[in-house]
Amino acid sequence: MFKKLNPTRKIMGRIFLWFWATFLVTAALAVVGTRFFFEELEVVDIKPQDVRALSVSVSRIQRNNAQQVPLVKLLNRFERERRWRLIAVNTNSKQVIVPSGPPLRDVDVRALQNLVGQESVIAIKRGAVKFSGPLFFNYGGERYALFSAKLDRSEENKPSFLLLFSIAILTTTILSWLFARSLTSPILDIQSSAKKLASGQWDTRVGFASNRHDELGELARDFNTMAARLQAMWGSQKRLLADVSHELRSPLARLQMALGLAYQQNVDPDTLSRVEREAERMEALVAQLLTLSRVEAGHVSLTKQPLAEVLNDVFTDANFEAQNKNKQLRIAEVPQITVEVDSNMLCRAVENVLRNAIRHSKALTSVAFEHDDTQWHISISDDGDGLSQKECEQIFSPFYRASLARERESGGVGLGLSIAKAAVELHNGVICAEPQSDKGLKVTLSFPR
C-alpha cells in the first residue's frame with residue numbers, strides 16, 4: 001500500500017515534491033529574513049497603564065529597604081509579578097542591565113541607549129516587541145533609565161508568521177502541482193498512445209501534446225509521424241499478403257489441371273504423388289493466408305448464441321481426429337451461457353488451437369471452461385513436451401514454427417495460431433500460452449461476456 005501511494009515512484013510526484021519543497025523553503029526564508037533582518041523601528045502611542053506600571057516599579061526600586069538588593073535581582077523579582085521585562089540603562093556608562101531571560105538584540109540595545117536622553121516617556125516598537133520609557137531613578141549612587149519590554153500584537157496589522165506560512169504552503173502547492181502536471185501530462189499522453197500502438201491500434205495518434213511548442217511537442221509530433229509510417233507499412237503488408245494469396249491460386253489451379261492430365265498419360269505415379277502433395281500444401285498455405293487476411297481486415301458479425309451450440313461441431317470433429325490418432329480428448333461440460341460472438345471466427349480460433357494441441361500431445365488433450373459475470377474462458381491443455389516461455393510469447397506470430405513443429409510431417413505452416421489470435425482479438429478477447437509444470441502446453445482463450 002505504501003509503495004502504491006509513494007509519490008516518488010512517479011515522475012510527476014518527484015517533480016511536484018522537488019519544486020514544492022523549493023518554493024516552500026524559499027518562501028519561509030524570505031518571510032523569516034524579512035522579519036528578522038528588516039524590522040523597522042517605529043514610534044507608537046504610549047498607553048497610560050504602561051506609564052503607571054513603570055512609575056510603580058521606579059517607586060519600589062527607590063524604597064530604602066530595596067537599596068540593599070542587587071539591581072538585577074530586583075528587576076527579576078518585579079518581572080515575575082508582571083507580563084513584561086524590565087530593563088535598566090545607566091545614563092553615564094550606557095550599561096544595559098537585563099535580568100534573566102533571552103538577551104536583547106544589538107539593535108534593541110542601541111535603540112534603548114539612544115533613548116536615555118529622552119525627557120518624556122515614549123513607546124517604540126520593532127516587530128512584535130514594544131519598549132516603553134524612560135523613567136529615571138537613582139540606585140547605588142548611579143542614575144538609571146528604566147524601560148519595559150513586552151509583546152504587543154493587539155494593534156499589529158501585519159499578518160502573523162503562521163498565516164504567511166500557511167499562504168505559502170497553499171500557493172506553492174498549487175503552483176508546483178500545475179507545473180508538474182504541465183510536464184507529465186504530455187508524457188502520459190505519449191505513453192498511452194505508445195501502448196495503444198503496441199497493441200495493434202495503428203490509427204493511434206498523440207492529441208493535445210503534439211500542439212506544444214517545446215521538446216515534448218516535438219517528441220509527440222515525431223511519434224505521430226512514426227505511427228503514420230507504421231500504419232502505412234502494416235496496410236501495405238496486408239494488401240501484399242492478400243494480393244499474393246489471390247495471385248497464387250491461378251497457378252495452383254493450372255498445376256492441378258496439369259496433374260490430372262499427367263495421370264491420364266501414365267506418367268510416373270510416385271513423381272505425380274510427390275507433386276500432388278506439394279500442391280496440396282501450397283493450396284493449404286494459400287487458404288490460410290486468405291483466412292488470415294480476412295480476419296485481420298476486421299470483418300466480424302456478432303450474434304447471441306448458446307456457447308454449447310456454437311462449439312458442438314468443433315468438438316465432434318476434434319474427437320474424431322483424436323480417435324484416429326489413438327489419443328484421448330477430454331472435454332469438460334460446456335457452461336450453459338449465451339455469448340455474443342461470430343460463430344465462424346470463434347470456431348476457427350478454437351479449432352486451430354485444439355487441433356494443434358492434439359497433434360503435439362502424447363496421449364491426452366483436455367478442454368476446460370471458466371466464466372463469471374464479465375468474462376468466459378476456454379483452456380486447452382496437452383501433455384506433450386511443451387514450449388519454453390520465450391516460445392510461448394512467439395507462437396502467435398505468422399509463420400513462426402516452434403522447435404517441436406518444424407518437422408515437415410506435421411503439415412503446419414505456422415499460420416494456425418496467428419489466425420486464432422486475430423479471431424480472438426476481433427472479439428476484444430485475449431489469447432495466451434503458458435508451459436505447464438508437468439510438461440505440456442496450456443492455451444487460454446478469454447472473451448468478454
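Which strand does Leu86 lie in? Leu86 belongs to strand S2, which covers residues 85-90; strands here are DSSP runs of E with at least two residues, helices are runs of H or I with at least four, and both are numbered from the N terminus. Before going further, a word on the ground rules: this is a predicted model, where local features need pLDDT of at least 70, side-chain atom pairs count only at pLDDT 80 or more, and totals for chains, interfaces and linings use all residues. Residues are numbered from 1 along each chain as its sequence is written, and side-chain values use heavy atoms, with hydrogens and water left out.

Back to Leu86, then. With a relative accessible area of 1%, Leu86 is buried (buried means under 20% relative accessible area, exposed over 50%, partly exposed in between, using a 1.4 Å probe and protein chains only). Its contacts (heavy atoms within 4.5 Å), not counting residues up to four places away in sequence, include Leu54, Phe78, Ile97, Pro99 and Phe147. Leu75 is also touched by Leu86; these two sit eleven residues apart along the chain, and their C-alpha atoms are separated by 6.1 Å.

Now zoom out. The protein chain comes to twelve helices and 13 strands, and 36% of its 449 residues are buried. Of the contacts with a separation of 6 or more, 62% are between residues 24 or more positions apart.

Where do the nonpolar side chains gather? A nonpolar core is a set of buried Ala, Val, Leu, Ile, Met, Phe, Trp, Tyr and Cys residues joined through side-chain atoms within 4.5 Å. The largest one has 40 residues, and Phe315, Ile378 and Leu445 have the most contacts inside it. Among the elements that give two or more residues to this core are helices H9 (307-324), H10 (343-360) and H12 (416-426), along with strands S10 (364-371), S11 (375-382) and S13 (441-448). H10 gives the most, with nine residues. A second, separate core of 17 residues includes Ala53, Val69, Phe137 and Tyr144.

H9 has 18 residues and reaches 26 Å from its first C-alpha to its last, close to the 26 Å expected at 1.5 Å a residue (that is, 1.5 Å times one less than the number of residues). H9 also bends by about 30 degrees at Asp313, the bend being the angle between axes fitted to the seven residues ending there and the seven starting there. The buried residues of H9 include Leu311, Val314, Phe315 and Ala318, with Glu321 also on the list. They pack against strands S7 (303-306) and S8 (328-331), as well as S9, H10, S10 and S11. Phe315 itself, leaving aside neighbours within four places in sequence, is in contact with residues including Leu329, Val350, Phe369 and Ile378. Just after H9, Asn326 takes a positive phi of about 60 degrees.

H10 also has 18 residues and reaches 26 Å from its first C-alpha to its last. At its start, a side-chain oxygen of Asp342 reaches to within 3.1 Å of the backbone nitrogen of Asn344. This is a polar contact (a pair of N or O atoms within 3.5 Å; within protein, one must be able to donate a hydrogen and the other to accept it, and residues adjacent in sequence count only if both atoms are side-chain atoms). Buried residues of H10 include Met345, Cys347, Val350, Asn352 and Leu354. In the loop between H10 and S10 you'll find Ser361, which counts as buried at 5% relative accessibility. The side chain of Ser361 reaches the backbone oxygen of Ile358 at 3.1 Å.

Finally, the rings. A search of the whole structure finds three aromatic pairs (rings of Phe, Tyr and Trp, taking the six-membered ring of Trp, pair if their centres lie within 6.5 Å; planes under 30 degrees apart count as stacked, over 60 as edge-to-face and the rest as tilted). Phe137 and Tyr144 have ring centres 5.6 Å apart and planes at 15 degrees, so they are stacked. Trp376 and Phe447 are stacked too, at 4.7 Å centre to centre with 20 degrees between the planes. Because Trp376 lies in S11 and Phe447 in S13, this pair ties together parts that are 71 residues apart in sequence.
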